[in-house]
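Student: Could we go through this structure together, slowly? I would like to start with its charged pairs and then turn to one helix.

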Amino acid sequence: MTMRRAARMLCCLLVHSASAAPVSMVASGVLSAMIMPDRIAWHVRRWHADGAARVRSQRRILDVSRSCATANAAATSTKHLGKLILVRHGESTWNMDNKFTGWADVPLTDAGRAGAHRTAQVLRSEFKETVDVLYTSVLERAVETAQIIIASLESHGHQPIELRQRWRLNERHYGALTGLSKRESGCDDFELFQYRMTLAGRPPAMQPDHPYFTRREAKYVSGELLFVDPEPLALADVPLTESLADTCNRCRPVWEKELEPMIRNGVNVLVVGHANQLRALIQCVQQISDERQLMTLGVPNTMPLVYTFEHDGTPVSEVETGCFVSPLRGHYLGSECLEFNEIDTDGSGAVDATEFRAAGFCDNDDECEALMDVADNNGDKLVDFKEFMAWEAKGRPKSR
């Protein structure tokens, strides 16, 4: 065989077999053909046959891969997602005095500790699954509530529960209003409504001469947060006031990077949080953009709110045994929600004076107006579930 003919054969074999065999093997076959001319045809037939076999094999592998991908997708679609349980901390000393608390570190009252124990009892009796991990803030009232719940559950045979603290789950910062009651704030009703109930309303910033100036607190100055939270918080980044929108932006990374991925992997997550911080987290969970709905997202102290999820991660809107309060898509544990829904005849998630009167809580317009003045904490002429439970906790007073 001439070198020119061998070269042509090499080129031909490379074209037909490059996708099915290494070049070194093709070259080896051609070299053998150059040495033994009578076997040239045999080499050509062998390499073509091997190449066709490899193509068929690769097609089978591709078909199997596609089948596996389809099976994995089906498995993912039927995968059991975890649940999210939200609990607002027990009553604090400043809750009792109706003061703006924010990032101020205040303790629980005895009633708040009792409420935390009741939360654990309700979870034991009504939540038939395990709590795998508990998230909370770095504020004392939430941490103590979380510790009481964990201790109570574990003392009744529950598996050990990991506690994770995140400064991003702190309460919304109330700025200069911190430590003041509504009356002490000097704000009129319109200003209070803007600060408390709108997305963009931001109280005046806290100044260095404020008695509870956050950037003087030891936990933020000393860097001791790193012992409980892996994400550092620079002192210059400690907020001095926040809107609800600011709080949403602060909480969102915890939801997107930690809570949601865990839930999608079947982990049941309990979050012990704060009134406005939980509103912010609920906005992330339910993708709420309507400011009017955000006004009625109040979560009462120590009352578990459970979110169950569809396979695509959206909250289930109905659970057979669950009690829902609009516009929340999570269901409450305990009996209090059922009583509230009996009064909330229009299912709006808030009760007005007419509904209170129809339920027998007041007998005439003056009495109903006085009742609303006590129970309506945000001045919108409606009493949401959180306000209703706070009013109940005070013994249902009809006037101040």
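**Salt bridges and a helix**

Student: Is Asp246 buried or partly exposed?

Tutor: Asp246 counts as partly exposed, at 23% relative accessibility, where buried means under 20% relative accessible area, exposed over 50% and partly exposed in between, with a 1.4 Å probe and protein chains only. This is a predicted model, in which local features need pLDDT of at least 70, side-chain atom pairs count only at pLDDT 80 or more, and totals for chains, interfaces and linings use all residues. Residues are numbered from 1 along each chain as its sequence is written, and side-chain values use heavy atoms, with hydrogens and water left out.

Student: Which side chain does Asp246 meet in a salt bridge?

Tutor: Asp246 meets Arg202, at 2.8 Å from N to O; a salt bridge is a side-chain nitrogen of Lys or Arg within 4 Å of a carboxyl oxygen of Asp or Glu. Asp246 lies in helix α9 and Arg202 in the loop between α7 and α8, so the pair ties together parts that are 44 residues apart in sequence. Helices here are DSSP runs (H or I, at least four residues), numbered from the N terminus.

Student: How many salt bridges does the count come to?

Tutor: The count comes to 11 salt bridges.

Student: New topic: which residues of α7 are buried?

Tutor: In helix α7, residues 189-197, the buried ones are Leu192, Tyr195, Arg196 and Met197. Seen down the axis of α7, these fall within an arc of 160°, taken from the directions from the helix axis to the C-beta atoms, so they line one face of the helix.

Methods
Helices (H or I, at least four residues) and strands (E, at least two) are DSSP runs, numbered from the N terminus.
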